[in-house]
Amino acid sequence: MRIATNTIYNLSVSSINRQQADLLKTQQQISANRRVLTASDDPVAASRVLEISQADAINTQYGVNAQTASGRLAQTESTLGRIGDLLQAVRQNAVTAGNGSFTASDRASVAQDVQAMYDELLSVANSTDGEGNYLFSGFQTDVTPFAPSAAGVQYLGDDGQRLVQVASGRQIAVSESGADVFMRVRASNGTFTVSAPPANTGSAVYTQGTVTDPTAITGHQYQIVFTVTGTGTTAVTTYDVNDVTAGTTVATAQPYTSGGAIAFDGMSLQVQGAPASGDVVQIDPSKDQDIFKTISKLVTALQGAADDPASNARLQNSLNDAIANLDQALDSVNSVRAGVGTRMRETDDLQSSSDDLSVQYKQNISNLQDLDYAKAVSDLVQQQNNLQAAQKTFLQTAQLSIFNFL
């Protein structure tokens, strides 16, 4: 078969060009430390790298979101801690004011301290985060949540909780509704409240009572009415228990003993001191009472304290009410704070999981596209030798001509 000189030239040049291209590709792979430079190098691997890279980018964003959520929750938790400290300080002042040796002037001084704590609490309740968003205003982050008014502190926010997407299918609340923290606090023991009308003239002091049988609680309003017959050492005190809601009498002419338990319809309380005839202790279903109102009532009671037995009894009852309500407020704040702490721990776990998953994604990408250096260097040396051989062979072939033999 006749082979033309031009054919030899074309085939040789084509071979040299192909080997130069292979050599260049290997050099680029070594330079980039990647086996797959374009999708055409390994379509399957390139497709998988794209999918994993997208998943890694989403995972990285979730990690950033979790970190942001953690920061906001940490600020909320710190603020709730400050609120708890203030409530504890107010409670301590209420206990101190019950000291029997205190005068009206002493209690007025305590009232000033409590009023200062009230003002600070209102300021803390209107705290903002680093971006100027109010912590306790719900969705309305640009609205001051708590504002004083003639009727007391008003909540101007809403019940919303801002959410942050921290994982696929998982959102975490990074704010708290001010209504839940400050306004929706069950009064007294949380089931019923005990109170006495200002018209009482005796020195009876009541406790907030406890629930002895939850199944027997009716949710009705009751009155304990005291009757005193006789005078001096011959005086006898009895009491009736009336169900005001049902219009019935639960107990009649029961003997009264100072400090003894008065129990009925699943409830029990104690009354100490000497009630006057006609004095009333009222029991009502527990309702919500905001923290600000609790402290405001305490300040009013301390400022209006006098040094006669009836006034002292009213003051002690007010102090007992305030302490019970502050305990409920502390429980409410601590419950919310515990929830925030749980979410903080979850965000920390999610950040750790995100970091671990990111390492796995990058390892998978590396396995798909990174270069095997030993093999690449070996290929490079072989390709260089092949190219040199092809070039030398072409050089020898190009010198062949019949005219050299004529």
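Trainee: Which classes of residue make up the lining of the largest cavity?

Mentor: Rolling a probe the size of a water molecule over the atoms shows where empty space is left. A cavity is, on a 1 Å grid over the protein atoms alone, a set of points where a 1.4 Å probe fits but cannot get out, and lining residues have an atom within 4 Å of a point. In this structure the lining of the largest cavity has two nonpolar, no polar and three charged residues, where Ala, Val, Leu, Ile, Met, Phe, Trp, Tyr, Cys and Pro count as nonpolar, Asp, Glu, Lys and Arg as charged, and the others, Gly among them, as polar. The residues of this lining are R72, D129, L135, R162 and V174, and the space in the cavity comes to about 40 Å³, a volume being the space filled by probe spheres set on the points, with grid points joined across faces, edges and corners. A search of the whole structure finds one cavity of 30 Å³ or more.

Mentor: Before going on, keep in mind that this is a predicted model, in which local features need pLDDT of at least 70 and side-chain atom pairs count only at pLDDT 80 or more, while totals for chains, interfaces and linings use all residues. Residues are numbered from 1 along each chain as its sequence is written, and side-chain values use heavy atoms, with hydrogens and water left out.

Trainee: What is the volume of the largest pocket, and which residues are the closest to its centre?

Mentor: A pocket, unlike a cavity, is an open set of points with protein on both sides within 12 Å along at least five of seven lines. The largest pocket has a volume of about 500 Å³, and, of the 31 residues that line it, A196, R314, L315, N317 and S318 are the closest to its centre. Helix α6 supplies the largest share of this lining, with 10 residues, and by class the lining divides into 16 nonpolar, 11 polar and four charged residues. Helices (H or I, at least four residues) and strands (E, at least two) are DSSP runs, numbered from the N terminus.

Trainee: Which residues have the most contacts inside the largest nonpolar core?

Mentor: In soluble globular proteins, nonpolar side chains tend to be buried together. A nonpolar core is a set of buried Ala, Val, Leu, Ile, Met, Phe, Trp, Tyr and Cys residues joined through side-chain atoms within 4.5 Å, and buried means under 20% relative accessible area, with exposed over 50% and partly exposed in between (1.4 Å probe, protein chains only). Here the largest core has 51 residues, and L87, F146, F182 and F292 have the most contacts inside it. Helix α6 gives the most to this core, with 11 residues. Leaving aside neighbours within four places in sequence, F146 is in contact (heavy atoms within 4.5 Å) with several residues, including L122, F136, F182 and F292.

Trainee: Why does S70 count as buried, and which residues is S70 in contact with?

Mentor: S70 counts as buried because its relative accessibility is 13%. This residue has its place in helix α2, and, apart from neighbours within four places in sequence, S70 is in contact with T347, D348 and Q351. S70 and M344 are 274 residues apart in sequence, yet 5.5 Å apart in space, C-alpha to C-alpha.
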